[in-house]
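I opened this model to look up what surrounds the ligand. Notes follow.

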Amino acid sequence: MNRNFRTLDDMGNIAGQVVLVREDLNVPMADGAVSDDTRLRAAVPTVAELADKGARVVLLAHFGRPKGERTPDLSLALVTRPFEQVLGRPVRFVDDQGASEAIALLKDGDVAILENTRFDAGEEKNASETIDRLAALGDLYVNDAFSAAHRAHASTEGIAKKLPAFAGRQMEAELDALEKALGTPEHPVAAVVGGAKVSSKLDVLKHLVGRVDHLIIGGGMANTFLAARGVNVGKSLCEHDLTGTAEEIFDAADRAGCTIHLPYDVVVSKEFAANPPSLRSCNVHEVAADEMILDIGPAATEALADVLKNCRTLVWNGPLGAFETPPFDAATMALARTTAALTRDGSLVSVAGGGDTVAALNQAGVADAMTFVSTAGGAFLEWMEGKELPGVKALAR
Ligand code: ADP
Ligand code: MG
């Protein structure tokens with residue numbers, strides 16, 4: 001693959017060098033303990049590889065939102081032991097007061113975590129004093145935190161311009177997967193966009209119509225598009241003020257040769273509850289005034305699978321229905337299983353992202369079967385909007 005960034009493979013001999021590595025260590029805590037260590041585990045390959053090559057590895061990361069204040073319960077000291085356990089080797093904590101003295105004591109292969117970068121108000125402002133202070137601590141810079149790359153902060157963007165900069169293994173995998181999905185994908189390409197609101201994903205939709213061959217709209221978003229087509233959506237979640245915008249997206253899709261797929265049938269009920277007595281599925285034109293659409297219907301789900309069978313690439317963000325409440329998870333679970341099967345067969349490259357989408361894939365038990373699942377949240381959505389992410393741009397050769 002012809003890449004615009006350097007990776008750990010391009011670092012040369014790094015024995016004895018201090019490598020500053022931006023990681024995402026922003027783990028959720030409950031009762032003083034890490035409640036989900038996914039992010040810690042994701043940092044291990046890069047950190048272990050650099051340490052094995054004899055580098056003195058110093059991790060840079062933020063933790064919560066201290067807003068430039070030294071906040072004891074947001075100290076990365078709290079994450080040092082948990083990371084040590086996950087990494088399986090000693091990790092020391094380095095306070096940002098006297099950091100250079102502490103780093104000078106590190107030996108080849110040692111690993112340390114520097115205090116929360118956001119204790120310094122200059123971090124989020126990308127202030128030159130902060131950039132200089134951080135850059136002076138190391139010889140080389142590695143950014144392994146795609147999830148923070150949509151922010152132009154000192155530890156994600158500014159520093160990359162001061163030190164030789166490289167993508168870590170996580171960053172590399174994410175950029176390669178995203179390039180395969182929307183940069184130079186194999187066509188036909190389908191995008192599935194669902195979730196609650198059109199307003200939160202307008203830029204995503206506008207970008208995708210110019211990029212993909214099929215745009216499949218589900219979830220609450222579909223209701224706004226159906227309403228724009230004159231469908232009475234009853235009590236459904238619907239942004240009636242955006243029907244004009246929906247029309248513009250239909251027109252842009254027509255011009256770009258992108259087919260927009262809306263559901264023909266839907267699952268409705270009069271109340272939003274698990275397995276409600278008023279549950280039924282019907283044609284979109286038969287929704288009663290007191291009903292709400294909570295999932296796309298079985299015919300639409302099957303049609304979606306048929307589209308995917310003829311596609312080579314899928315990008316997916318947003319559940320097709322209110323998947324947290326059964327049986328409104330049916331279409332989302334079916335899509336997850338279909339995508340997993342097509343990916344396993346080698347006929348589809350599948351990339352999915354978004355907080356609720358990842359939860360839905362886990363609920364279906366198929367997250368591992370996707371080509372790539374992005375846990376990057378905001379950065380993933382900005383990438384789906386076609387935006388250039390500052391932390392990625394700063395890594396360009
Ligand atoms: P992601 O986090 O993957 O980007 P979103 O946050 O945009 O996804 O949307 C997820 C939410 O959309 C879920 O909470 C789901 O219940 C809701 N949702 C999906 N379809 C509907 C619908 N028809 N009516 C109401 N809510 C829906
Ligand atoms: Mg969400």
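Started with ligand 1: one of its oxygen atoms sits 2.5 Å from an N or O atom in the side chain of threonine 357. I count a polar contact as a pair of N or O atoms within 3.5 Å; within protein, one must be able to donate a hydrogen and the other to accept it, and residues adjacent in sequence count only if both atoms are side-chain atoms.

Next I checked glutamate 324, where an N or O atom of the side chain is 2.6 Å from an oxygen atom of ligand 1. For glycine 220 I found a polar backbone atom 3.2 Å from a nitrogen atom of the ligand.

Then cover: on its own ligand 1 has 580 Å² of accessible area (Shrake-Rupley method, 1.4 Å probe), and the protein covers 82% of that.

Which elements give two or more residues to the shell? I got α8 (219-228), β14 (292-296) and α12 (355-364); helices (H or I, at least four residues) and strands (E, at least two) are DSSP runs, numbered from the N terminus. α12 gives the most, three residues.

I also listed the 18 residues around ligand 1 (a heavy atom within 4 Å); Lys201, Asn317, Glu324, Asp356 and Thr357 come nearest.

Housekeeping: this is a predicted model, where local features need pLDDT of at least 70, side-chain atom pairs count only at pLDDT 80 or more, and totals for chains, interfaces and linings use all residues. Residues are numbered from 1 along each chain as its sequence is written, chains are lettered from A and ligands numbered from 1 in the order written, and side-chain values use heavy atoms, leaving out hydrogens and water.
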